[in-house]
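Have a look at the sequence and the fold first, then read on.

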Amino acid sequence: MAVLSQFNYIFVITTIFAFLDAWNIGANDVANSFATSVSSRSLTLKQAVFLASICELGGSIAAGSGVADTMRIRIVDRHHFDASPSVLLLAMMCTVVSSSLFLTVATRRGLPVSTTHAVVGGFVGTAAASIGIGNVNWGWGGFGRILVTWAIAPWIAGCLGASLFLFTKTTVLTKPKAPRRAFYSIPFYTFVTVGSVSLLVAWKGLHVFELSTARILIAVLASATGGALLQIVFVMPYLWVRGVRDDWRLKWYHVFQGPWLLTRDMPPPAPQGLSRPQMKDFYEGYLSREEFQCLRASETLLRSVQTPSLSWSPTFESDTEMVLPPPAVKETNSRSDDGLVPPRPPGPGNSFRVLAWRVNRFLLRGVEKDIVNMQRRNEVLKWDIADMHSRAARFDNRAEYMYSSLQILTAAATSFAHGANDVSNAVAPFTTAYEVWSTGTIPDRVSIPIWVLCFGGAGIVLGLATFGYHVMRTMGNRLTLISPSRGFCMELASAITVLTATKLQMPISTTQCITGATIGVGLVNGDWRCINVRLAGWIYLGWVLTVPVTALISGCLMGFLLNAPKW
């Protein structure tokens with residue numbers, strides 16, 4: 001039985017809002033992390049949720065405790081509450097309440113804010129209201145160190161993403177034999193990705209074994225080599241037969257045949273009306289620069305014919321490019337194309353098939369969304385998205401297909417890194433509250449139980465599955481054009497940045513990392529118009545406001561509860 005049983009109601013409220021906090025982290029942070037994979041069509045939304053459910057839980061359990069300890073101890077010294085542990089319990093409740101409420105509103109509006117900012121702001125607000133703002137650790141060992149990582153994380157991830165994509169573009173994508181070059185680059189990028197994840201697990205996840213630096217290096221190299229060999233043996237033959245030979249007969253389970261796939265006969269011509277295309281067109285629905293200019297010229301000419309008084313003359317930016325005034329783009333209010341909902345089965349409304357269909361639509365509402373189509377609407381900020389997409393270079397679709405497998409791997413690495421880093425945002429206040437409530441004391445250092453990490457990881461996965469599409473429709477193709485080659489560079493750069501910060505026990509914002517990497521890759525696409533500058537500024541404004549808003553909410557709530565009159 002808990003020592004502070006008289007405060008059971010506070011712990012229950014903390015538990016509820018801690019789960020809501022984890023749910024919002026999944027709906028906001030994980031959603032913007034997977035937005036690149038879903039936007040490039042490398043993964044469907046359902047596949048992204050399935051992959052996240054495995055990797056987020058794995059990262060939370062394997063390497064989530066180190067960062068959570070930083071969140072709990074370094075910002076505010078818990079021993080300021082030694083005289084009254086119940087006040088610390090109340091402070092943790094106010095922290096998760098303010099963070100979860102702010103994140104719920106932001107996620108519903110599709111604003112990809114930093115959940116790390118929200119929790120840290122809650123910490124600062126409750127500490128200022130309870131023990132005084134002067135007792136907050138503002139120095140390099142506390143809030144100052146975290147603040148610096150917020151400032152430099154987007155730049156680091158952006159530079160890494162730009163460098164990776166520039167290297168990939170110049171050595172692979174722009175070459176005459178781009179599909180073959182992309183095919184042969186798969187083992188190298190697999191080695192880097194698997195090695196990064198293995199290094200994190202060796203650093204932070206193996207608490208039972210004490211490994212020397214040499215043994216850690218051997219283990220990492222062995223894991224990275226093993227991952228590359230698995231790609232060579234199983235994935236690469238499948239990609240070659242499907243991407244180069246264009247074998248329309250191939251099914252997904254043929255990947256397990258490995259090298260024996262190379263012995264298959266050349267495929268016969270595809271039958272007439274083949275319903276399932278063998279390879280996705282990753283640029284489907286996006287106009288090239290020439291197509292876009294012709295379309296705008298036709299629209300402008302049509303308006304001039306319909307409105308005789310309209311005077312129009314084209315202007316030129318250079319001798320080769322004609323710039324036309326952008327026509328008014330009508331936004332559709334129809335929601336029929338937002339979803340991928342199966343048709344209603346025939347029969348009366350009370351039949352078993354129809355009832356099962358309705359139940360599935362309720363349970364799967366969050367994953368039956370056409371994210372790519374939703375991103376084409378200018379609902380968040382007025383920006384010529386079609387013009388932005390047309391400025392990005394187009395590469396060989398078969399080369400993009402080769403990188404789609406790499407993007408799935410980097411998406412898994414990003415998700416694992418996110419679970420290792422951001423699970424602390426949900427479980428750090430909850431763990432502190434649990435320790436105080438159950439023991440009545442404030443111990444110096446307590447490891448986070450596995451069940452608490454599972455609790456936070458489960459909330460993260462549920463949030464992505466039910467509410468994540470709101471943030472996904474804001475990110476991705478609304479910020480810049482995403483394709484598998486670009487997306488995998490974004491995700492790999494973000495994962496490396498987050499993994500490094502986790503090693504240093506710095507709870508950086510994964511939102512800032514993936515946004516910085518996306519902007520960095522987008523700038524390498526062409527000119528600055530390849531980036532939605534207004535959306536980037538809107539996201540940045542959300543980062544700036546998060547800490548003061550959550551600190552104000554938690555501080556006011558904490559001050560009100562501490563000074564509430566008693567009768």
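This is a predicted model: local features need pLDDT of at least 70, side-chain atom pairs count only at pLDDT 80 or more; totals for chains, interfaces and linings use all residues.

The protein chain has 567 residues, and 54% of them are buried. Its secondary structure comes to 18 helices and two strands. If you take the contacts between residues at least 6 apart in sequence, 83% join residues at least 24 apart.

**Salt bridges**

How many salt bridges does the structure hold? The count is six. Here are some of them, with the N-to-O distances.

| Pair | N to O distance |
|---|---|
| Asp387 and Arg289 | 2.5 Å |
| Asp387 and Arg391 | 3.2 Å |
| Arg398 and Asp396 | 3.7 Å |

Start with Asp387, which pairs with Arg289 at 2.5 Å between the closest N and O atoms.

Are the two partners buried or exposed? Asp387 has a relative accessibility of 14%, so it counts as buried. Arg289, at 17%, counts as buried too. Asp387 also meets Arg391 in a salt bridge, at 3.2 Å from N to O. With 18% relative accessibility, Arg391 is buried as well, since the cut-off is under 20%.

Now for Arg398 and Asp396, whose side chains meet at 3.7 Å, N to O. Here the picture is another one: Arg398 is partly exposed, with a relative accessible area of 36%, and Asp396 is partly exposed at 29%. Elsewhere, salt bridges with shared partners join Asp247, Arg249 and Arg264 into one network.

**Helix 4 and helix 18**

On to the helices. Helix 4 (residues 85-108) packs against helix 18 (residues 533-562), with the axes 9 Å apart and an angle of about 140 degrees. Why call that oblique? Angles over 145 degrees would count as roughly antiparallel and 65 to 115 as roughly perpendicular, so helix 4 and helix 18 end up oblique to each other. The crossing is right-handed.

Who makes the contact? From helix 4 come Val87, Leu90, Ala91, Met93, Cys94, Val97, Ser98 and Phe102, while helix 18 brings residues including Thr546, Val549, Ile553, Leu557 and Leu561. Sorted by class, this contact has 13 nonpolar, four polar and no charged residues.

**Helix 4 and helix 5**

Helix 4 has another partner in helix 5 (residues 115-130), where the angle is again about 140 degrees and the axes lie 8 Å apart. Helix 4 and helix 5 are therefore oblique to each other, and helix 4 passes helix 5 in a right-handed crossing.

Technical notes
Residues are numbered from 1 along each chain as its sequence is written. Side-chain values use heavy atoms; hydrogens and water are left out. A salt bridge is a side-chain nitrogen of Lys or Arg within 4 Å of a carboxyl oxygen of Asp or Glu. Buried means under 20% relative accessible area, exposed over 50%, partly exposed in between (1.4 Å probe, protein chains only). Axes are lines fitted to C-alpha atoms, for helices over the stretch in contact, and angles run from 0 to 180 degrees between N-to-C directions. Helices (H or I, at least four residues) and strands (E, at least two) are DSSP runs, numbered from the N terminus. Angles under 35 degrees count as roughly parallel, over 145 as roughly antiparallel, 65 to 115 as roughly perpendicular and the rest as oblique. A crossing is left-handed if the near helix is turned anticlockwise from the far one by less than a right angle, and right-handed if clockwise. Contact means heavy atoms within 4.5 Å. Ala, Val, Leu, Ile, Met, Phe, Trp, Tyr, Cys and Pro count as nonpolar, Asp, Glu, Lys and Arg as charged, and the others, Gly among them, as polar.
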